[in-house]
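I opened my notebook to get to know a new structure. Come and look at it with me.

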Amino acid sequence: MTESEKIEFTAGRVHALVGFMTAVILTHPNPAQLAKALEKVGQANLATAESALVVDAYVDGVQDMQRRI
């Protein structure tokens, strides 16, 4: 698999996961509680990413997914 194919494959996986999360959010019995839980997990993920040696694009990706979800 070429680098371009790997990137496209990963983009497809992300797209599928966003679709899955959208379905979960839309059908959740307590959307407010779910929103709080997602925010808490998102902040923890971001704190972990920021404390690790990762490139800025990784942190940007984490933040982008948090906004999308």
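Here are my entries, starting with the ground rules.

**Ground rules.** I am reading a predicted model, where local features need pLDDT of at least 70, side-chain atom pairs count only at pLDDT 80 or more, and totals for chains, interfaces and linings use all residues. Residues are numbered from 1 along each chain as its sequence is written, and side-chain values use heavy atoms, with hydrogens and water left out.

**Confidence.** I looked up pLDDT, the predictor's confidence in each residue, from 0 to 100. The protein chain averages 87, and 100% of the residues score at least 70. Helix α1 (residues 3-27) has the highest mean, 90, while helix α3 (residues 56-68) has the lowest, 83. Helices here are DSSP runs (H or I, at least four residues), numbered from the N terminus.

**Helix α2.** I checked the length of α2, residues 31-51. The expected span is 1.5 Å times one less than the number of residues. For these 21 residues that gives 30 Å, and the end C-alpha atoms are 30 Å apart, which agrees.

Which residues of α2 are buried? I noted Leu 34, Gly 42, Leu 46 and Ala 49. They cover an arc of only 100 degrees around the axis, so they sit on the same side of α2; the arc is taken from the directions from the helix axis to the C-beta atoms. Buried means under 20% relative accessible area, exposed over 50%, and partly exposed in between (1.4 Å probe, protein chains only). On the face turned away from the buried side I found exposed residues, including Lys 36, Lys 40 and Ser 51.

**Neighbours.** What do the buried residues of α2 pack against? They pack against α1 and α3. I then looked at α2 with α3: the angle is about 175 degrees and the axes are 10 Å apart. The two helices are therefore roughly antiparallel, a label for angles over 145 degrees. Axes are lines fitted to C-alpha atoms over the stretch in contact, and angles run from 0 to 180 degrees between N-to-C directions. On the α2 side, the contact (heavy atoms within 4.5 Å) includes Gln 43 and Glu 50; on the α3 side, Tyr 58 and Val 62 are among the residues involved.

**Two residues up close.** Gln 66 is in α3 and is partly exposed, at 26% relative accessible area. Not counting residues up to four places away in sequence, Gln 66 touches Gly 42, Gln 43 and Leu 46. Ala 23 lies in α1 and is partly exposed at 40%. Ala 23 and Ile 69 are 46 residues apart in sequence and 11 Å apart in space, C-alpha to C-alpha.

Methods: Angles under 35 degrees count as roughly parallel, over 145 as roughly antiparallel, 65 to 115 as roughly perpendicular and the rest as oblique.
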